[in-house]
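Me: I'd like to chat through the aromatic side chains in this one. Can you take me through them step by step?

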Amino acid sequence: GSPFSVTCMPSYLDPTASHVSGEGMQRAVAGEPADLLVTPRDFAGNALAARAYFEQLEVRLEHVTTGAPAEVWVRACADGAFEVSYTAEVAGEHELWVRFRGKPLQGSPYRVTVAPAAAEPTNCVVHGLNRGGDVAEAEAGEVRSGTLVLRDKYGNERDAGTEVVTLSLRRAADGATSGGEVRRQKSGRYELSFCVTDAGEYEVSVKVGGVAVRAAAASFPLLV
């Protein structure tokens with residue numbers, strides 16, 4: 001009967017030989033699902049059936065400064081791997097822990113950078129433009145300046161990008177409009193400035209992508 005047919009079965013799970021792959025182990029965008037694959041393997045690198053080790057797998061993503069955890073979902077696939085998806089809302093550096101039976105995989109925790117989402121005008125903040133309370137006052141010819149800080153829908157500050165930022169003044173008497181100056185700073189913020197030479201009452205408005213920034217310092221009456 002020789003030669004005999006021999007089936008070599010995989011050995012026991014070895015966390016240090018198991019494998020993680022996918023863009024989600026390096027980067028993500030706030031509010032968007034990020035994915036990765038976890039493949040359980042034995043000491044020789046042979047793949048194991050994921051379903052048999054579902055209860056032993058732990059995946060956790062935490063912000064390195066605040067410790068805020070992200071929501072994580074795990075699904076065992078038919079091909080033997082685990083499909084992992086997470087959604088983080090806090091931008092910045094995170095640690096991604098992947099463990100089997102409490103033992104980390106080689107390289108775990110992985111460093112994940114979560115980028116801010118797109119700018120959300122209703123969350124953006126303007127500093128310094130309005131220094132007069134409910135109704136600001138300025139002298140004719142005076143240059144008024146301020147700073148626009150972009151924030152996404154989750155409150156994360158983000159650098160200036162491709163969004164269109166406008167600063168406009170509308171005169172109450174005749175509806176005439178004029179624009180202020182908007183300059184991108186090296187810090188990633190926007191510098192705003194305007195100068196009115198004609199006396200009168202104006203409505204000042206700052207917009208991001210055509211949507212008004214809903215803050216008292218970004219939309220206010222001005223008396224010159």
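Me: Is F100 buried or exposed, and what relative accessibility puts it there?
Reply: Keep in mind that this is a predicted model. Buried means under 20% relative accessible area. F100 falls in that class, so it counts as buried, with a relative accessibility of 0%.

Me: How many aromatic pairs are there?
Reply: Rings pair if their centres lie within 6.5 Å. By this rule the count is two.

Me: What kind of pair do F54 and F82 make?
Reply: Planes under 30 degrees apart would be stacked and those over 60 edge-to-face. The ring centres of F54 and F82 sit 6.2 Å apart with the planes at 45 degrees, so the pair is tilted.

Me: And how far apart in sequence are the parts that F54 and F82 tie together?
Reply: F54 is in the loop between β3 (34-39) and β4 (57-63). F82 belongs to strand β6 (residues 82-87), so the pair ties together parts whose separation is 28 residues.

Me: How are the rings of F82 and F100 arranged?
Reply: Their centres are 6.1 Å apart. The planes make an angle of 50 degrees, so this pair is tilted.

Me: Which residues form the aromatic cluster?
Reply: F82 pairs with F54, and F82 pairs with F100. The one aromatic cluster is formed by F54, F82 and F100.

Technical notes. Residues numbered from 1 in each chain as written. Predicted model: local features only at pLDDT ≥ 70, side-chain atom pairs only at ≥ 80, totals over all residues. Heavy atoms only, no water. Phe/Tyr/Trp six-rings, centres within 6.5 Å; stacked < 30°, edge-to-face > 60°. Helix = DSSP H or I, 4+ residues; strand = E, 2+ residues; numbered from the N terminus. Buried < 20%, exposed > 50% of the residue type's maximum accessible area, 1.4 Å probe, protein only.
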